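The exercises below are meant to be worked through with the sequence and the model side by side. Please try each task before reading its solution.

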Amino acid sequence: MERDYSVNILVVDDRPENLLAIEAVLEGEPYRLVKAHSGPEALRCLLREEIAVILLDVQMPGMDGFETAGHIQAYEGSKHIPIIFITATSKEAQHFSAGYSAGAIDYMVKPFVPHILKAKIKAFVRLYDMQKKLQQQAEQLEKANAHLVRATSELTKAEAQARAVMETSLDAVLVFNPQGRILKANPATESMFGYAPDELPGRSLRLLVPGLPAGELRELEGKVWEVEPRRRDGGTFPAEIQLGQSPHDDSLLACSIRDITERKQAEKELLEAKELAERASTAKSEFLSFLSHEIRNPLNGVIGMMDLLLDTGLKPEQRELAEMVMQSGNAMVSIMNDVLDYSKLEAGRMEMEDEPFLLKGCLEQVRDIFTAQLWVKKLEFVVVVDPELPGIVRGDVSRLQQVLLNLVGNSVKFTNEGGIYVFVNLLGTCGDSLRVEFTVKDTGIGIPADKVDRLFRPFSQAAGASTNRKYGGSGLGLAISKTLVELMGGSIRIEAPEEPGATFVFSTVLRRCHEPPEELLRMERALDWAESGAEAAAATAGVAGVAGAAGAAGVAGGAGVAEGAEVAGAAGVADSGGSGQARRILMVEDQRVNQKLLLHMLNRLGHTVEVAENGAEALRALGAGDRFDMVLADIHMPVLGGLEMGHRWQALRGSREAGAGQSPTLIALTADQREDLEQVCREAGFAEVLRKPIRMESLRQLISRYSLAEG
């Protein structure tokens with residue numbers, strides 16, 4: 001038989017030749033011989049080894065065989081091992097009696113017959129094998145019994161836990177079969193449905209939940225859905241039901257039914273509160289928009305007339321007073337813009353555009369806006385753009401420019417000597433995405449370290465009320481910039497100062513533009529040509545060490561866009577003189593002050609103007625065959641507004657025959673600051689939006705740009 005254990009035979013004899021003789025007899029047998037030369041050595045072997053049979057010599061010096069057998073019988077672990085005495089003495093009867101008394105099982109006299117010894121050992125080994133098998137079976141039974149006891153204990157515990165959960169649950173718990181017959185119900189069923197737990201076994205689950213689908217319910221296992229259970233009195237209530245199947249018996253299913261009346265009521269109240277908050281937010285936004293529109297119209301007259309007045313021969317004291325009025329008007333416009341932007345951001349109504357634009361053109365416009373202030377303060381303005389950046393990219397140019405205007409505007413405001421430096425670097429790319437970093441550094445008064453954490457909070461300025469009184473501002477610019485940068489996928493920070501001034505760094509995500517419009521490509525070539533010409537001029541004049549020669553040249557001599565100009569979508573190149581040639585312009589405006597203002601501005605710029613007081617008059621003038629190069633139309637007018645006028649004019653143009661002449665360019669005039677206004681105006685046929693208050697310089701640039709385009 002095959003064994004997974006060894007059969008050890010302990011042979012004890014003081015004479016080596018006897019040990020060798022027994023080893024020779026047992027050679028080839030599946031036994032392992034353990035040899036001992038004395039009784040004490042034999043006892044030590046028994047402590048180390050598991051022995052099947054002991055062959056023990058009687059005559060040994062010191063401890064003889066009988067004494068050794070007595071010690072073996074005295075140990076609990078060895079007293080059942082069979083002992084065969086082997087002796088050469090002739091006193092058989094006396095030795096046999098003494099041997100059996102000492103615990104011997106058998107007795108052999110030397111010289112022994114080998115096959116008899118082998119047979120006896122084989123018989124005792126068979127008994128040993130049976131004993132081992134019984135021992136293994138007993139161990140297996142013991143393990144099985146322990147597992148059974150443990151499983152029984154766990155099952156009892158699980159049953160107790162399930163019973164406790166079922167009996168104490170606030171949800172109704174029902175056990176049923178796959179056909180939907182209830183087998184058991186918990187106490188909560190009575191309070192929820194009005195049925196005692198012992199009334200429901202045998203009834204259909206659909207008695208309580210009529211809306212359950214037809215067919216076997218096990219198909220709904222693991223799903224949670226809302227139902228309207230029915231009480232005993234016929235009333236219903238909103239509830240959630242979840243079905244599950246027993247892991248031990250697939251003929252047992254269970255469900256829990258939870259009353260969600262309170263939750264539904266809370267959801268309803270929350271929805272009502274949300275709708276109320278949205279209505280309040282909409283009302284606030286509409287109020288601010290209305291207020292802005294109503295304030296901008298008279299401001300347009302104030303600022304525009306001051307602009308015209310400053311261009312007349314005023315005495316120094318008169319000029320100073322007029323400039324103060326102009327500055328106050330510009331400050332009011334800036335505060336209104338900040339409040340409107342912050343309101344939109346707070347309401348989550350600010351949406352990002354994705355359109356192609358010229359990156360250098362965006363930076364040039366920022367520079368142009370501050371040209372006059374830079375010239376007055378004699379500040380250097382340097383722009384350095386990473387050559388790895390593509391010239392034309394996609395993104396929200398208006399929002400990017402707004403952040404730059406805020407940061408550069410702060411730098412100009414707080415810097416009295418030195419300069420402002422703008423660095424644009426490509427941080428990395430991922431597919432078409434470009435992570436771009438903008439750094440705006442100045443040599444101004446800097447920011448105290450203890451005020452840095454307040455910088456991006458609304459209505460907060462670095463140096464508190466004293467800064468507001470001295471430099472002006474609403475304290476919203478940086479808070480708006482931070483939110484805009486985050487909407488563009490970036491972040492903004494201020495770097496620790498290592499030298500005088502402040503350094504703001506923000507990043508944004510732009511995208512590559514694979515098919516840029518031809519107009520942008522022409523503008524890019526024009527800017528490159530202008531930069532190369534400026535660099536050549538700077539080299540001729542010996543100018544060295546200034547990065548961005550084109551930017552420096554623009555600061556030194558370009559008039560740029562007047563401070564606060566708001567020309568939506570403007571991307572053209574500023575003209576330093578007049579508009580080039582006189583244009584025939586139809587002005588559509590209902591307010592007398594704005595009419596007079598625009599009339600003065602356009603006449604001063606050398607253009608011929610005809611006035612219409614609403615869209616209907618404008619359509620009659622356009623339809624009469626009079627040729628106009630441009631139409632400047634307010635979008636909010638009585639009788640017929642500018643947007644409706646634009647749609648009707650497009651329909652009129654479509655019905656005319658080809659060759660009827662070139663159509664005039666439509667420009668929308670508005671004090672409205674809505675985000676979607678530019679798109680709405682484009683759909684009505686307007687090429688551009690000019691926002692009030694209108695400056696003469698922005699008007700001149702706009703007319704000049706379209707005159708160049710037509711030329």
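**Exercise 1.** Are Tyr5 and Tyr128 buried or exposed?

*Solution.* Two conventions come first: this is a predicted model, in which local features need pLDDT of at least 70 and side-chain atom pairs count only at pLDDT 80 or more, while totals for chains, interfaces and linings use all residues. Residues are numbered from 1 along each chain as its sequence is written, and side-chain values use heavy atoms, with hydrogens and water left out.

Buried means under 20% relative accessible area, exposed over 50% and partly exposed in between, with a 1.4 Å probe and protein chains only. By this rule Tyr5 is buried, and Tyr128 is buried too. As background, buried residues make up 42% of the 711 residues in the protein chain.

**Exercise 2.** Work out how the rings of Tyr5 and Tyr128 are arranged, and which parts of the chain they tie together.

*Solution.* Rings of Phe, Tyr and Trp (its six-membered ring) pair if their centres lie within 6.5 Å, and planes under 30 degrees apart count as stacked, over 60 as edge-to-face and the rest as tilted. A search of the whole structure finds four aromatic pairs. In one of them, Tyr5 and Tyr128 have 6.1 Å from centre to centre and 75° between the planes, an edge-to-face arrangement.

Next, place the residues, taking helices (H or I, at least four residues) and strands (E, at least two) as DSSP runs numbered from the N terminus. Tyr5 lies in the segment before β1 (8-12) and Tyr128 in helix α5 (residues 114-168), so the pair ties together parts that are 123 residues apart in sequence.

Finally, look at Lys132, whose charged end sits over the ring of Tyr5 at 5.1 Å from its centre; the criterion is NZ of Lys or CZ of Arg within 6 Å of the ring centre and within 35 degrees of the ring normal.

**Exercise 3.** What is the strand order of the open sheet with parallel pairing, and which strands are at its edges?

*Solution.* Two strands pair if DSSP finds at least two bridges between them. The five strands of this open sheet follow the order β2-β1-β3-β4-β5, with parallel pairing. Its edge strands are β2 (32-36) and β5 (106-109), each of which pairs on one side only.

Inside the sheet, β1 and β3 pair in the parallel sense over four bridges, and Ile9 stands opposite Val53 in β3. Helix α1 (residues 16-25) packs on the sheet, touching β1, β2, β3 and β4, and its direction makes about 170° with that of β2; here axes are lines fitted to C-alpha atoms, for helices over the stretch in contact, and angles run from 0 to 180 degrees between N-to-C directions.

Notes: Contact means heavy atoms within 4.5 Å.
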